[in-house]
Amino acid sequence: MPETSGGKPIGLFGGTFDPIHFGHLRLAEEAAEHLGLARIRWIPAGQPGHREAPRVTSAQRLEMVRLAIAGNPRFELDASEVDADRPSYTVPTLERLRRVENLGASLPLVLLVGADAFAGLPDWHRWPELFDLAHIAVAHRPGFPIDAASLPSALAAIYRQRHGASPAALADTAAGSIVTFAMTQLDISATKIRTLLINDRSPRYLLPDAVIAYIQGTRLYSPP
Ligand code: ATP
């Protein structure tokens, strides 16, 4: 029997999380509230298919996400892409969630992305099929405006066609809309954090203390 969510959409949040930081956590928390999501499933990428291989193992990135989201009742961890140990692509993951795992065909799913990731959508494997499988919610991110004029043309056309639904309307259909939301702007990136760590500088207050303790204990991203 398909999983239920009290009629509310379920959020899906993928990323390399190399490492996870407060930009990711606020995005998910604010998406849950603003879009009325029942819960958010965090899906750390295995070996990413559309970007460079990350510096640390996928098991270590998974562990950092586990530490960071612990204690938030709305957040849950999905290790399937990490366990698969092959390039992860979002469309096959969504197909699996709908068909193989109990989410069913009619439950509204909302894929969460930052504005930079959204602009890069045309590089994703089978990307036009995303809209058959989920809605997309795009969070504003410092330095990455969301407007049709600055998107690649194939995506701009789809954006014009599918954007404009209210967050409440996401619950009415399983997939197909694009919404944008203005989260608290946090100019934090995993790249910046890795640069701080490699230069032996403090990453404090950019990511959870439990994740910093894990990074220190394992000497991830240490100076060479
Ligand atoms: P890197 O610097 O290594 O590219 P990142 O900080 O962008 O990493 P990812 O794991 O690549 O983190 O991002 C996962 C998702 O989170 C993407 O959709 C990205 O757009 C979004 N995201 C990351 N940081 C922020 C932020 N500060 N504000 C809004 N969205 C963000």
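First, the ground rules. This is a predicted model, so local features need pLDDT of at least 70, side-chain atom pairs count only at pLDDT 80 or more, and totals for chains, interfaces and linings use all residues. Residues are numbered from 1 along each chain as its sequence is written, and side-chain values use heavy atoms, with hydrogens and water left out.

Now the ligand. Which of the 23 residues around the ligand come nearest? They are His21, Asp116, Leu186, Ala190 and Thr191. Near here means that a residue has a heavy atom within 4 Å of the molecule or strand in question.

His24 places a polar side-chain atom 2.9 Å from an oxygen atom of the ligand. For Arg141, a polar side-chain atom is 3.0 Å from a ligand oxygen atom. Ala190 uses its backbone instead: an N or O atom there lies 2.8 Å from an oxygen atom of the ligand.

On its own, the ligand has 600 Å² of accessible area, and the protein covers 91% of that. Accessible areas come from the Shrake-Rupley method with a 1.4 Å probe, and for residues only the protein chains shown count as cover.

Which elements give two or more residues to the shell around the ligand? They are strand 1 (10–15), helix 1 (22–35), strand 6 (109–114), helix 5 (115–119) and helix 8 (190–198). Helices (H or I, at least four residues) and strands (E, at least two) are DSSP runs, numbered from the N terminus.

By class, the shell holds nine nonpolar, ten polar and four charged residues. The classes are simple: Ala, Val, Leu, Ile, Met, Phe, Trp, Tyr, Cys and Pro count as nonpolar, Asp, Glu, Lys and Arg as charged, and the others, Gly among them, as polar.

Next, helix 8. Its buried residues are Ala190, Ile193, Arg194 and Leu197. They lie on the same side of helix 8, because they cover an arc of only 100° around the axis. That arc is taken from the directions from the helix axis to the C-beta atoms. Buried means under 20% relative accessible area, exposed over 50%, and partly exposed in between, with a 1.4 Å probe and protein chains only.

Helix 9 (209–218) is included in what covers those buried residues of helix 8. Ile193, in helix 8, has a relative accessible area of 0%. Leaving aside neighbours within four places in sequence, Ile193 is in contact (heavy atoms within 4.5 Å) with Pro19, His21, Ile188, Pro203, Leu206 and Leu207. After helix 8 comes Asp200, with a positive phi near 60°.

Helix 4 (residues 90–99) has Val91, Thr93, Leu94, Glu95, Leu97 and Arg98 as its buried residues. Their cover includes strand 1, strand 2 (39–44), helix 3 (80–84), strand 6 and helix 6 (130–133).

Now the loops. Phe17 sits in the loop between strand 1 and helix 1, and has a positive phi of about 50° although it is not a glycine. Is Phe17 buried or exposed? Phe17 is buried, at 1% relative accessible area. Apart from neighbours within four places in sequence, the contacts of Phe17 are His24, Trp42, Ile43, Pro44, Arg61, Met64 and Val65. Pro19 is also found in the loop between strand 1 and helix 1, and the peptide bond from Asp18 to Pro19 is cis, with omega near 5°.

Tyr205 lies in the loop between helix 8 and helix 9. Its phi is positive, near 75°, and at 64% relative accessibility Tyr205 counts as exposed.

Last, some separations, C-alpha to C-alpha. Pro145 and Ala115 are 30 residues apart in sequence and 7.0 Å apart in space. Arg66 and Asn102 are 36 residues apart in sequence and 22 Å apart in space. For Phe17 and Asp172, 155 residues apart along the chain, the separation is 31 Å.

Methods. Polar contact = N/O pair within 3.5 Å; in protein donor to acceptor, adjacent residues only side chain to side chain.
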